[in-house]
Amino acid sequence: MAHVDRQTWDVVVVGAGGAGLRAAIEAREAGMRTAVICKSLFGKAHTVMAEGGIAASMGNANEHDNWQVHFRDTMRGGKFLNHWRMAELHAREAPDRVWELETWGALFDRTPDGRISQRNFGGHEYPRLAHVGDRTGLELIRTLQQKIVSLQQEDEKEFGAYDARLKVFQECTVTRVLTESKSGSATGSGKVSGTFCYERESGRFFVLEAPAVVLATGGIGKSFKVTSNSWEYTGDGHALALLAGAPLINMEFVQFHPTGMVWPPSVKGILVTESVRGDGGVLRNSDGKRFMFGYIPDVFKEKYAETEDEGDRWYEDPDHNRRPPELLPRDEVARAINAEVKAGRGSPHGGVFLDVSTRMPAEVIKRRLPSMHHQFKELADVDITAEPMEVGPTCHYVMGGVDVDPDTAAATGVPGLFAAGEVAGGMHGSNRLGGNSLSDLLVFGRRAGLYAAEYVTGLTARPAADPLQIDAAEAEALRPFSAEGEEREGAADRGPAENPYTLHQELQQAMNDLVGIIRKESEMFEALKRLADLRVRARRAGVEGHRQYNPGWHLAIDLRNMLLVSECVARAALEREESRGGHTRDDHPAMDRSWRNINLVCELADPQGDARAADPSLGQIRLARRETPPIRRDLLELFEKDELAKYLTDEELTR
Amino acid sequence: MTEQQTAQHVAEQPGASGAYQAHFRVWRGDTDGGALSDFTVEVHEGEVVLDIIHRLQATQAPDLAVRWNCKAGKCGSCSAEINGRPRLMCMTRMSVFERTETITVTPMRAFPVVRDLVTDVSFNYAKAREIPAFVPPPELGPGEYRMQQEDVGRSQEFRKCIECFLCQDTCHVVRDHEENKAAFAGPRFLMRIAELDMHPLDAAPESGIDRKRTAQDEHGLGYCNITKCCTEVCPEHIKITDNALIPLKERAADRKYDPLVWLGNKIRRRTE
């Protein structure tokens, strides 16, 4: 298939959200010819959905804040499973990344003395989130987009072409990361040599040859039925890494945001920002009770108010009062809401009440939460200045992802592959704090771009794209057009063509029901069975029409990724017999200190072929346990001994 | 709007809840042409037009092309014309229509069709590139920016723009006048110039860029005759005409006729 168009670049960035654009800016500024490739239009990435803010300890709202406090909060939020080095780099570098945005034209909300305003959020000790009303993600994406354009304008002046050194391939999808062949195998497992892609508009295939690829594809939420995530979140980068030979970690940890819309059904899952609670909103059950006071876990007992009065005083006087439990980390609040609904104290549409109407004047609500006001008014006929919202948990974020070097964002095992943002694992441990995502994108997006550039500069020869891999990738992508009636090698492969939309719905239902917010062993066994069955059927996913802008075909291709990633989640969740952060086991409800320093590592069981994919009795994922490196002493010393004793084993404490 | 509210009221009468069959006409075709296709499709309570398009994809027309992302009015991807009016499909509730009404969904008219409801919006990205970026003040380092909320508020309104390009689609300067596209940036990007011009710390003037003059001379501000069509279709309710275009016109006029007055204003504003 020599006719597939090839282009040569230095760095290819897959994904144009916060992490991808920040990586591209850094790589381009380091002199790399950089290509960005994204499934949507430029500027539409999922980052625009982020509402609350960017966490960075600038200390503008409370001068006691600093990176050490931010680091502590992040580790607590992740229940100490975080890679401490990532949490450290993140806390140290976040303020610089926010200030830098201002020099690119961002306009954050201001404090009275003209600095960047910072707001409260769950799990953050001080007001820490730089924000623009409740549309911070839009500001972030637009600022990065406009910075990219400004770099292109420079290139236009110098070279006469905007795209000379930085090009955005919008509405394109990558289906394979290509690697240099090792010992003649078809799939390779050596250095990165490029990406195999198709243009969504025309269906045309093309190859971007490049020695470095940065994965910045975001998350996996579209494998779940109720989710705040957009269609793009099909776990592409997670799957691309696995298929190229790079392992994933922490895939059992999936964050269910406590407050998604629950009504009307068509908007179920759409996010209601945590800022509602950060700014004073409270959660009530059908009895009108602020139930969160009954759900403060032992590890956080000393840090949260015990009475409504104290919690309310905290908004005005945070130095002498403790914060209200509505601002516990997201995993705690989501579980509490789930429990209230299960106990029959839910709202009419199966959620609980989130109320700002009795807490703030209408004009303050409209100014501080304009998107929420608009969203509820337009989509649910609810005026949040006059009545409470109904909210419930929604699949929001995956903590797990590509196993990376904490300093360089380099993926384990595949030289030239990097990952940043949600697709990378480790930074957030078992649960991410609100506001730490946008800062993560900027801190590690920049590092990925920087070290990808350094890697490329250090190469003496460029790996060549393997024609066999390109042929195989093309055949794989075209499969849905010849699905019906075709007989293939394996018996299980035969049968009528399957509708990709139906398969997707069944997958979402299975993950939602069986590997959702509360998990148990028997259900996860059932999930693995269903996933295996779906995987075999997905090989027969067939589509009508032609390759030009054909959404059925795109979905059929994305199903491979969702199924791989879902199996990782289910297998890891079955293996981890404890409850921690975004992983709650009904049959193992307690957090177990002996699990704290264990990462579950997912790898492709059969990297050389797809025999396993066709056989429902086999899994595609092999799981291994790995111990995390001990936390550096000076970082441990930031915590009280008593607190550490809740998380670390006695052996770790005395080491 | 009154008409819609009445329709909404009717649809939400007691007994009106639950599923019903709606009649849709959706434009299908590509660069070679196309036509409206008729569909009868189920509608559930609380749904928006985009839900119905998705149902058509999943049940009747798997290759029906539509662009969308967030389904929450935040990304600006699912722009189309619904009964002739430029709107976001994800923010148009089915309850604003009569149940017996035929709902016609067509692609944005001002841009070339790619397929079905998807249009080629590259015009907008080309225009975005022609507007000089924010110029950081050379004397200030990162972290040293100080701005008052009331001063950033003006530009912040324009930065609410989700780039749905509905204003570009509806603007009569280009809607049926392909020949004007080369000389006219459209409301979205004239607003971008206004946003940068009102940025309290933009150092464009010091670096020799006159945003007001270029708005007039290079981006076609003069074509705009403030009919406010753009403002009417903006899903973010940005007052594009009143707050961006008219002030930009006034400032461009000042600048044109009396540079000294303009310079004096600029200096006063900065030292306040």
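Modeller: Below we go through a sheet, some strand pairs, a few helices and the chain contacts. Keep in mind that this is a predicted model.

Colleague: Sheet first. What is the strand order in the open sheet of chain A, and is the pairing parallel or antiparallel?

Modeller: The order is E7-E3-E2-E11-E18 in chain A, with 5 strands in an open sheet. The pairing is parallel.

Colleague: Which strands stand at the edges?

Modeller: Strand E7 (166-170) and strand E18 (417-419) of chain A. Each has a single partner strand, so one side of each has no neighbour in the sheet. From one strand to the next, the twist averages 20°.

Colleague: How many bridges pair E3(A) with E7(A)?

Modeller: There are 5 bridges between E7(A) and strand E3 (residues 34-38) of chain A, in the parallel sense. In that pair, A:Ala35 is opposite A:Lys167 of E7(A).

Colleague: Which strands does helix H1 of chain A lie across?

Modeller: H1 (residues 18-29) of chain A lies across strand E2 (11-14), E3, E7 and strand E11 (212-215) of chain A. It runs at about 170° to E3(A). Helix H5 (residues 236-244) of chain A lies across E2, E11 and E18 of chain A, and its angle to E18(A) is about 150°.

Colleague: Switching topic. Why is strand E9 of chain A largely enclosed?

Modeller: Strand E9 (residues 192-199) of chain A has 8 residues and 7 of them are buried, so the rest of the structure largely encloses it.

Colleague: And which way does E8(A) run against E9(A), parallel or antiparallel?

Modeller: Antiparallel, with 7 bridges joining E9(A) to strand E8 (residues 172-179) of chain A. A:Thr173 sits opposite A:Tyr198 in E9(A). E9(A) also pairs with strand E10 (residues 205-209) of chain A, antiparallel over 5 bridges. There, A:Gly194 has A:Glu209 of E10(A) as its bridge partner.

Colleague: Which residue takes a positive phi in the hairpin of E9(A) and E10(A)?

Modeller: A:Gly203, near 80°. That hairpin has 5 residues between the strands.

Colleague: On to helices. Which residues are buried in H2(A)?

Modeller: In helix H2 (residues 67-77) of chain A, the buried residues include A:His70, A:Phe71, A:Asp73 and A:Met75. Among the elements covering the buried residues of H2(A) are helix H3 (84-103) and helix H11 (436-458) of chain A. After H2(A) comes A:Lys79, with a positive phi near 50°.

Colleague: At what angle do the axes of H14(A) and H15(A) cross?

Modeller: Roughly 160°, and the axes of H15(A) and helix H14 (residues 521-538) of chain A come within 10 Å. Angles over 145 degrees count as roughly antiparallel, so H14(A) and H15(A) are roughly antiparallel to each other. Their crossing is left-handed. The residues of this contact split into 11 nonpolar, 1 polar and 5 charged.

Colleague: Last topic. How many residues of chain A are in contact with chain B?

Modeller: 50 residues of chain A, in contact with 45 residues of chain B. H3, helix H4 (136-159), helix H10 (370-380) and helix H15 (551-575) of chain A each give two or more residues to chain A's side. H4(A) has the largest share, 8 residues. By class, that side has 20 nonpolar, 16 polar and 14 charged residues.

Colleague: How many helices and strands does chain B have?

Modeller: 11 helices and 7 strands. Of its 272 residues, 47% are buried.

Technical notes. Residues are numbered from 1 along each chain as its sequence is written. Chains are lettered from A and ligands numbered from 1 in the order in which they are written. This is a predicted model: local features need pLDDT of at least 70, side-chain atom pairs count only at pLDDT 80 or more; totals for chains, interfaces and linings use all residues. A residue is buried if 20 or more other C-beta atoms lie within 10 Å of its own, exposed if 12 or fewer, and partly exposed in between; C-beta atoms are placed from the backbone. Helices (H or I, at least four residues) and strands (E, at least two) are DSSP runs, numbered from the N terminus. Two strands pair if DSSP finds at least two bridges between them. Two residues are in contact if their C-beta atoms, placed from the backbone, lie within 7 Å. Ala, Val, Leu, Ile, Met, Phe, Trp, Tyr, Cys and Pro count as nonpolar, Asp, Glu, Lys and Arg as charged, and the others, Gly among them, as polar. Axes are lines fitted to C-alpha atoms, for helices over the stretch in contact, and angles run from 0 to 180 degrees between N-to-C directions. Angles under 35 degrees count as roughly parallel, over 145 as roughly antiparallel, 65 to 115 as roughly perpendicular and the rest as oblique. A crossing is left-handed if the near helix is turned anticlockwise from the far one by less than a right angle, and right-handed if clockwise.
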